[in-house]
Amino acid sequence: MKRYSVALLLLTLMLVAAAFCTLWCGCTAFQPAMAVLPLYFAVVTALMHYAVVKSFYKDPRTFVKNFLGLTVGSLILHLAVVCIWSFTHIATAKAFIIAFAIGYIAYLTFETIALVMLIKRKRDENQQ
């Protein structure tokens, strides 16, 4: 879990730095609140990973059901955030949706790779 936390922190810092670089370069559609978007994804991803890993070690048979449930729940949460932001900040909705999509894809890829590596490591431990 420590390696996962460090990798998640590094990904978040890179995305925050990229967001601030975009803000510093003078992109007028970019809101300062969008620079905090990677922190939102980091918290949601960390909580989801913790719950999935806890479920995996507790009862591997229910892992798929719990993983799919958490994935659908987080997707609904993300869609709610995008809709609320888009309706309340119409002028910057397009830039926010693009930034949100980039963050979502980055964190989804990171989470998928982390879970695949965890499952492979656990399978290798069980085969030995």
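**Exercise 1.** Work out which residues form one aromatic cluster.

*Solution.* Start with the rule: rings of Phe, Tyr and Trp (its six-membered ring) pair if their centres lie within 6.5 Å. The cluster is then made up of Tyr40, Phe41, Trp85, Phe96, Phe100 and Tyr107. For the structure as a whole, the tally is ten aromatic pairs. Take Phe63 and Phe67 as one of them: their ring centres sit 6.0 Å apart, with 20 degrees between the planes, and that makes the pair stacked (planes under 30 degrees apart count as stacked, over 60 as edge-to-face and the rest as tilted).

Before you go on, keep in mind that this is a predicted model, where local features need pLDDT of at least 70 and side-chain atom pairs count only at pLDDT 80 or more, while totals for chains, interfaces and linings use all residues. Residues are numbered from 1 along each chain as its sequence is written, and side-chain values use heavy atoms, with hydrogens and water left out.

**Exercise 2.** How does the span of α3 compare with the expected one, and what covers its buried residues?

*Solution.* The expected span is 1.5 Å times one less than the number of residues. With 26 residues (63–88), α3 reaches 37 Å from its first C-alpha to its last, close to the expected 38 Å. Its buried residues are Phe63, Ser74, His78, Val82, Trp85 and Ser86. The cover over them includes α2 (37–58) and α4 (93–127). Zoom in on Ser86: its relative accessible area is 15%, so it is buried. Leaving aside residues up to four places away in sequence, Ser86 touches Ala93 and Ile97 (contact means heavy atoms within 4.5 Å).

**Exercise 3.** Find how many salt bridges there are.

*Solution.* Look for a side-chain nitrogen of Lys or Arg within 4 Å of a carboxyl oxygen of Asp or Glu. The count is one salt bridge. Asp59 and Arg61 make a salt bridge at 3.2 Å, N to O. Asp59 is partly exposed because its relative accessibility is 22%, while Arg61 is exposed at 76%.

Note on methods:
Buried means under 20% relative accessible area, exposed over 50%, partly exposed in between (1.4 Å probe, protein chains only). Helices (H or I, at least four residues) and strands (E, at least two) are DSSP runs, numbered from the N terminus.
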